[in-house]
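Please have the structure open while reading this note. The points below can be checked one at a time.

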Amino acid sequence: MLAEIQTFRIDAAVAAESVEEGTGSMLQMDYAVVFNQQGLFSMVLHKLSFIENSQRPGEINLPYNYDLKNNRPLALADLFNEKADYLTFLSEYCTADLKTRFNEALNTTEGLAPAAENFAHWNLTAGGIEFTFSNFQLGLDNATGDQSVLVPYSALKSMIQSNGPLDWAK
């Protein structure tokens, strides 16, 4: 978070040099705790920034998942059996869900291909794992905004790692 603030300070200072009175630059950061149970912690950091003279504000939601029992950040791969083809399952599940919502408007499924980078924005919830996809990732117009898909733990049961962080959800 400190790096985000420092980057904003530098960008806003540069923009202020070209403006006679003050700047229209702004930075807003907040967070929401999404899940805090079973020794697991999941939150979303929301950052909204605007630098004077830029065309549009920058907005990003950054997920953060942490294993409190083992005192370490939680990776998506930590949740599943080593041999589970969870990325293919997630790709198919999320694609089907989003196609029911957007049908023809979903211009590409490339952003939903079974690759770790496509499923990097996720949070644990009480009901399952929520994946968030940007409108750019999905080939949707700007007005659509980020889209989320909740994959219930019950759908993931066979892939959840035994004695792993989600063993309680089986």
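Predicted model: local features only at pLDDT ≥ 70, side-chain atom pairs only at ≥ 80, totals over all residues.

1. Residues are numbered from 1 along each chain as its sequence is written, and side-chain values use heavy atoms, with hydrogens and water left out.

2. An open sheet of 3 strands runs in the order β5-β6-β7 with antiparallel pairing. Strands here are DSSP runs of E, at least two residues, and helices are runs of H or I, at least four, numbered from the N terminus; two strands pair if DSSP finds at least two bridges between them. β5 (122-124) and β7 (147-152) are the edges, each with a single partner strand, so one side of each has no neighbour in the sheet. Neighbouring strands are turned by 20° against each other on average, direction ignored.

3. β5 and β6 (residues 128-133) pair antiparallel over 3 bridges. W122 stands opposite F131 in β6. Helix α2 (residues 86-102) packs on the sheet and touches β6 and β7; its direction makes about 125° with that of β7. Axes are lines fitted to C-alpha atoms, for helices over the stretch in contact, and angles run from 0 to 180 degrees between N-to-C directions.

4. Y153 lies in helix α4 (residues 153-156). Is Y153 buried or exposed? Y153 counts as buried because its relative accessibility is 5%, and buried means under 20% relative accessible area (1.4 Å probe, protein chains only).

5. The C-alpha atoms of Y153 and A169 are 6.2 Å apart, although 16 residues separate them along the chain.

Terms used:
Buried < 20%, exposed > 50% of the residue type's maximum accessible area, 1.4 Å probe, protein only. Contact = heavy atoms within 4.5 Å.
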